[in-house]
Amino acid sequence: MRSTDVGQAAKSVGLRVLIAGGGTGGHVIPALAIARELRDTTGAEVRFVGTARGLETRLVPEAGFPLELIHVGQLKNVSVATRLRTLMDLPLGVGRCVGLLRNFKPDVVVGVGGYASGPAMMAAILLRVPTLAFEPNAVPGLANRLVGRLVTAAAVNFEETRRYFRRAQVTGTPVRPEFFAIGKKEQGESKRLLVFGASQGARVFNELMPRAMTRLLDAFPTLDVVHQTGGRHGETTLAIYRDLGIGFERVTVTPYLDDMAAQFAAADLILCRSGASTIAELAAAGRASVLVPFPQAADDHQRKNADAFVAAGAAEMIVESSLNEERLLQVLQQLLADDSRRQEMAESARALAHPAAVKSIGEMVLQLAKRL
């Protein structure tokens with residue numbers, strides 16, 4: 001069915017979709033892409049369910065979607081007392097979601113992982129509302145693992161993730177079109193290294209990169225570096241660079257980067273974490289990378305994401321416990337000196353991209369709602 005026909009089929013009845021979950025950008029940003037796709041192509045009415053401590057409290061209203069908040073505690077990486085309180089409160093969270101579903105009457109509930117996803121998906125399962133789990137990581141988080149065998153269908157980013165769900169399809173993770181528009185990086189004498197640690201920055205990068213910078217710049221006289229520190233570490237990191245006597249003629253240090261797609265386009269090599277959104281953007285852009293998984297990520301999912309990229313030949317990985325100045329310099333120098341190796345990695349990364357991810361997920365929602 002053509003996309004215009006899909007939209008007309010859904011609009012003819014009035015589609016309602018509830019998207020549940022959030023917390024981090026890796027959950028919220030793809031969820032918003034799914035919501036926009038459904039709203040813009042089918043006219044669907046989309047609402048979100050989240051918690052007060054996630055990024056959804058800011059990003060969802062800014063995008064123009066209603067947001068309902070529920071109270072859900074933590075189960076991972078917390079004390080036994082906190083875990084017990086969460087388990088005792090869980091029925092209340094599910095009950096609250098049952099009320100929301102009965103009021104909104106969605107055709108489909110989409111769970112994107114995160115605190116609110118579990119209770120909302122359980123409520124939908126109890127009420128026999130069709131459910132779609134979206135999982136961008138190589139290994140599902142706790143919420144999606146709990147409901148994986150109970151959901152109606154699932155959209156995943158990696159082939160190996162399908163085994164955790166019923167009726168799972170590899171759709172990929174929605175990524176902004178600007179990343180897919182990035183072309184092959186032309187090789188030349190000048191090179192650029194992009195360093196970032198997601199929106200909050202990465203302390204390990206902020207501490208090690210300034211100390212490694214002098215030798216890196218000496219080894220590559222035409223190299224320039226863009227280092228995003230995160231808002232909390234901006235001034236501290238700048239002070240480290242200044243104390244080490246490193247000038248800013250070839251090094252840009254900034255708390256935030258608003259034009260991330262343009263930064264990817266200009267980069268020959270990227271040093272970063274391996275969250276779900278980041279690896280999806282690396283694939284879409286087709287860029288070689290050095291991945292340093294965040295060791296405290298829930299269920300060690302960043303390590304598993306990085307493992308999948310390394311296995312595909314798309315990246316090098318350094319676990320943070322073994323990361324030091326010498327190891328960092330060794331890996332960066334080897335890759336910056338080897339144009340053909342970086343190009344192979346870039347091509348392998350692009351082979352992992354899914355340009356039609358958001359459309360595929362939208363079609364899955366319509367199929368579950370019996371609109372296709």
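Buried residues have under 20% relative accessible area, exposed residues over 50%, and partly exposed residues lie in between (1.4 Å probe, protein chains only). The legends describe a predicted model, in which local features need pLDDT of at least 70 and side-chain atom pairs count only at pLDDT 80 or more, while totals for chains, interfaces and linings use all residues. Residues are numbered from 1 along each chain as its sequence is written, and side-chain values use heavy atoms, with hydrogens and water left out.

**View A. Asp339 in helix α14.** At 27% relative accessibility, Asp339 counts as partly exposed. Asp339 belongs to α14, which covers residues 339–350; helices (H or I, at least four residues) and strands (E, at least two) are DSSP runs, numbered from the N terminus. Not counting residues up to four places away in sequence, Asp339 touches Gln187 and Lys191, where contact means heavy atoms within 4.5 Å. Glu281 is 58 residues from Asp339 in sequence, and their C-alpha atoms are 21 Å apart in space.

**View B. Packing of helices α2 and α15.** Helix α2 (residues 25–42) packs against helix α15 (residues 357–368) at an angle of about 65 degrees, with 9 Å between their axes. The axes are lines fitted to C-alpha atoms, for helices over the stretch in contact, and angles run from 0 to 180 degrees between N-to-C directions. The two helices α2 and α15 are therefore roughly perpendicular to each other; angles under 35 degrees count as roughly parallel, over 145 as roughly antiparallel, 65 to 115 as roughly perpendicular and the rest as oblique. Their crossing is right-handed, meaning that the near helix is turned clockwise from the far one by less than a right angle, with anticlockwise giving left-handed. From α2, Ala33, Ile34, Glu37, Leu38 and Thr42 meet Val358, Lys359, Ile361, Gly362, Val365 and Leu366 of α15. By class, this contact of α2 with α15 has seven nonpolar, two polar and two charged residues. Ala, Val, Leu, Ile, Met, Phe, Trp, Tyr, Cys and Pro count as nonpolar, Asp, Glu, Lys and Arg as charged, and the others, Gly among them, as polar.

**View C. Helix α15 and Val358.** The buried residues of α15 are Ala357, Val358, Ile361, Gly362, Met364, Val365, Leu366 and Leu368. Apart from neighbours within four places in sequence, Val358 is in contact with Ala33, Ile34, Glu37 and Pro174. Pro174 is 184 residues from Val358 in sequence, yet the C-alpha atoms of the pair are 5.0 Å apart. After α15 comes Lys370, with a positive phi near 60 degrees.

**View D. Packing of helices α8 and α13.** Helices α8 (residues 203–219) and α13 (residues 325–337) pack at about 40 degrees, their axes 10 Å apart. The crossing of α8 and α13 is right-handed. On the α8 side the contact includes Leu208, Met209 and Arg211, and on the α13 side Glu325, Glu326 and Leu328 are among the residues involved. The residues of the contact of α8 with α13 divide into nine nonpolar, one polar and four charged.

**View E. Ser117 in helix α5.** Ser117 lies in α5 (residues 117–126) and is buried, with a relative accessible area of 1%. Not counting residues up to four places away in sequence, Ser117 touches Ala20, Gly21, Gly111, Val112, Ala143 and Asn144.

**View F. Phe248 in a loop.** The loop between α9 (234–243) and β10 (251–254) holds Phe248, a partly exposed residue at 34% relative accessible area. Neighbours within four places in sequence aside, Phe248 contacts Leu238, Tyr241, Arg242 and Val253.
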